[in-house]
Amino acid sequence: MTTGQPQLTALAEAIGKTLADEPDLVRVTEAEHRGIRVVELFMAPGDIGRVIGRQGRTAQAIRTLVALAADRAGVKAQVEFREVR
């Protein structure tokens with residue numbers, strides 16, 4: 001089922017742009033790997049620390065939100081955080 005694709009990328013992008021100092025550099029890609037949607041959130045190197053947060057709490061919260069949205073769409077998803085190069 002692919003009905004959740006646009007919603008997952010839009011959700012990850014909205015959260016990333018909200019947290020970023022450089023929101024213009026935020027980019028989201030989505031692929032499927034072994035039946036799981038992999039959402040990659042690309043951000044400026046300085047923004048990665050902000051997204052990960054203290055002890056990974058912010059990153060875990062983002063992963064939880066995307067996983068819940070994916071579950072509602074009937075798919076499984078995970079979020080990976082990457083630096084824009």
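Accessible areas here come from the Shrake-Rupley method with a 1.4 Å probe, and for residues only the protein chains shown count as cover. On that basis, the accessible surface of the protein comes to about 5400 Å², and 49% of it belongs to carbon and sulfur atoms. A quick word on ground rules: this is a predicted model, where local features need pLDDT of at least 70 and side-chain atom pairs count only at pLDDT 80 or more, while totals for chains, interfaces and linings use all residues. Residues are numbered from 1 along each chain as its sequence is written, and side-chain values use heavy atoms, with hydrogens and water left out.

Now for the overall build. The protein has 3 helices and 3 strands, where helices (H or I, at least four residues) and strands (E, at least two) are DSSP runs numbered from the N terminus. Starting at that end, the order is α-β-β-α-α-β. The radius of gyration, taken over C-alpha atoms, is 12 Å, close to the 12 Å that the globule rule gives for 85 residues, so the protein is as compact as a globular protein of that length. (The rule is 2.2 Å times the number of residues to the power 0.38.) Along the principal axes, the C-alpha atoms fill a box of roughly 35 × 25 × 20 Å.

What about the inside? Buried residues (under 20% relative accessible area; exposed is over 50%, partly exposed in between, with a 1.4 Å probe and protein chains only) make up 32% of the 85 residues. In soluble globular proteins, nonpolar side chains tend to be buried together. The largest nonpolar core here has 20 residues; such a core is a set of buried Ala, Val, Leu, Ile, Met, Phe, Trp, Tyr and Cys residues joined through side-chain atoms within 4.5 Å. L8, V39, M43, I62, V66 and F81 have the most contacts inside this core. At least two of its residues come from each of α1 (5-19), β2 (36-43), α2 (45-52), α3 (57-73) and β3 (77-83), with α3 giving the largest share, 5 residues.

F81 shows how this works up close. Contact means heavy atoms within 4.5 Å, and, leaving aside neighbours within four places in sequence, F81 is in contact with L41, I48, V51, A59, I62 and R63. L11, in helix α1, counts as partly exposed at 27% relative accessibility. Leaving aside its own neighbours within four places in sequence, L11 is in contact with L65, V66 and A69.
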